[in-house]
Protein chains: 2
Amino acid sequence: MSRVCIGIDLGGTFIKFALLDESMSLAGALQLPTPASAGPDGVIETMISGATELLDREGVSAGDVVGVGIGSPGPLDLDAGVVIGTPNMSDFVNVPLRDRVGDGLGIQTVLENDANAAALGEYLCGSGKGTDVMVMLTLGTGVGGGIVIAGNLARGAHGIGAEPGHLIVEPDGEQCPCGQRGCLERYASASAVARYARQLIERENRKSILTEVLGRKGDLDAADVNEARRAGDDLAAEAWDRAISYLAVGCVSITRLLDPDLIVLGGGMAKAGDDLTEPLRRHFTRLHWTIDTQKTVLALASLGNDAGVIGAAGNAWKQFG
Amino acid sequence: MSRVCIGIDLGGTFIKFALLDESMSLAGALQLPTPASAGPDGVIETMISGATELLDREGVSAGDVVGVGIGSPGPLDLDAGVVIGTPNMSDFVNVPLRDRVGDGLGIQTVLENDANAAALGEYLCGSGKGTDVMVMLTLGTGVGGGIVIAGNLARGAHGIGAEPGHLIVEPDGEQCPCGQRGCLERYASASAVARYARQLIERENRKSILTEVLGRKGDLDAADVNEARRAGDDLAAEAWDRAISYLAVGCVSITRLLDPDLIVLGGGMAKAGDDLTEPLRRHFTRLHWTIDTQKTVLALASLGNDAGVIGAAGNAWKQFG
């Protein structure tokens, strides 16, 4: 077996593990449920035992492991390797995750923000291969993301960079839980799509397939809205288009600041495929300046939910390789 | 004499020349009027003769010159070293400026966008010294700027990066000559300050010191507005504050994406000093998220109009040093 790095992606539902060899090829993977109720100690134990299990299964000796990369939700203190807190696991407060996992495994370990790790994964092994400037947007409950310039994550001066979900797209707009108003993720996330549809149903009392869906499920998600849109539902089409129009505003601003080769679209909403990219490209072209021909490409991520764990392992290669 | 690089900053009014030694200290400077009416040939001739004159005056032998850096308005083709066009010199179309100046001087030469050069200048020798991520905003007729990450200009994948003046701060907002709507520079430049004041006078028929100034001069500039504001004029205060509030929106979006140590403010409007930074910091704090304590510093540029020529020379050091 050649030398590998271990990637560990800590999610609210699953902990993912992957081995990545020096050619950035996947050499093994494992997924375990996150024992969230067991608190940080239980989660850390699972991270250590899962990584050990994967190494055993693939017959990798400890001497062939170059390093471990962890991707975790944040905010994080990257320099200290500490999880300051995380929305989905409330007892994860000031946990020195890097050192506890690293010491447990006896392998040098690096910690990274999960969204940055996913961006690095797409850059190293996915849609972003060969780009010079790549921005990833992860469209889910919120809008996360990461920036890769010349092969390096642009983490910012204090490790809190690449929060494209909190670009201000409407001054004095809707209140965001972050404390700002008018953040992109309030206008262009999967949650925003569902919220627009509910608002149109409730406030305007308009006819829509979604009225029945909402009555039956008690809630709507972005996939419901896109499905109704595909079935010709006008209200659904309006909600979908509104979110995508704002997403295009964000993409134009990102393009003006960073001039990327590529903006990669991931997260749950990217499962809509062409239903996302086709109208997004149309709005992007409509909003884009005319000084220069449009060069930035908007494309879907290709690694799906594995981008984070692959990027975490890739980050270990960058750090220790 | 120690080894030096030559910086040449091509402006619409002046061509500036500077010698920068390896410690990034200024070792001589010269300024000549831009012979704009003489066309590209005349301008290039002045660039060559001015550089030669400065070397002679400072007693620098050709063997001690490491390289030449030119800062020019654009758009540019950086790879080819060509000025595609420039708003203030309409006959500058597809001019191979890098090679013509380099060949004329017999010294290796690199071309850079003037706003990027100014940002690099502030990073190397001005307010941005020692920063990890620095963004410069140049507040004049428009809003230009540059980004320096880990000592390198973030030029983008196609050399058209760092155009913060064209971040969209108002979707469907005012038409910008660039073809977009709602660009930051339509809302937060020195021109915007003056336009707001004129609009308030003309549309609302309000009392203001500026009514008399406008009648007398036939026009207003940002300095007039700030002066009236300092004299207690409410209309002027409103115009000034409106622009600065939008500038703060732009600064928050930049901070969310790049997490800079420092946003440096240059250009004509920065001559207002604390009258710019004090309200800008107040709006920035008001609009900034509460997830994290505010770490990005907003500060004035320190090199004034020399940032561009110093940065052009610094760029030659980076390229050839």
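**Loops, a sheet and a helix pair**

Tutor: Pro75(A) is found in the loop between strand 4 (65-72) and strand 5 (76-77) of chain A; strands are DSSP runs of E with at least two residues, helices runs of H or I with at least four, both numbered from the N terminus. This is a predicted model, where local features need pLDDT of at least 70, side-chain atom pairs count only at pLDDT 80 or more, and totals for chains, interfaces and linings use all residues. Residues are numbered from 1 along each chain as its sequence is written, while chains are lettered from A and ligands numbered from 1 in the order in which they are written.

Student: Is the peptide bond from Gly74(A) to Pro75(A) cis or trans?
Tutor: Most peptide bonds are trans. Here omega is near 10°, and the bond from Gly74(A) to Pro75(A) is cis.

Student: Is Ala150(A) buried, partly exposed or exposed?
Tutor: Ala150(A) lies in the loop between strand 9 and strand 10 of chain A, and has a positive phi of about 50° although it is not a glycine. A residue is buried if 20 or more other C-beta atoms, placed from the backbone, lie within 10 Å of its own, exposed if 12 or fewer, and partly exposed in between. With 13 C-beta neighbours inside 10 Å, Ala150(A) therefore counts as partly exposed.

Student: Which are the edge strands of the open sheet in chain A?
Tutor: Five strands form this mixed sheet, in the order 10-9-8-11-12. Strands pair if DSSP finds at least two bridges between them. Pairing on one side only are strand 10 (152-153) and strand 12 (297-300) of chain A.

Student: How are helix 5 and helix 6 of chain A oriented to each other?
Tutor: Helix 5 (residues 190-204) and helix 6 (residues 209-217) of chain A pack at about 100°, with axes 10 Å apart. Axes are lines fitted to C-alpha atoms, for helices over the stretch in contact, and angles run from 0 to 180 degrees between N-to-C directions. Angles under 35 degrees count as roughly parallel, over 145 as roughly antiparallel, 65 to 115 as roughly perpendicular and the rest as oblique. The two helices of chain A are therefore roughly perpendicular.

Student: Which residues of helix 6 of chain A make the contact with helix 5?
Tutor: Contact requires C-beta atoms, placed from the backbone, within 7 Å. Helix 5 of chain A contributes Ala197(A), Arg198(A) and Ile201(A), and helix 6 of chain A contributes Leu210(A), Thr211(A) and Leu214(A).

Note on methods
Contact = placed C-beta atoms within 7 Å.
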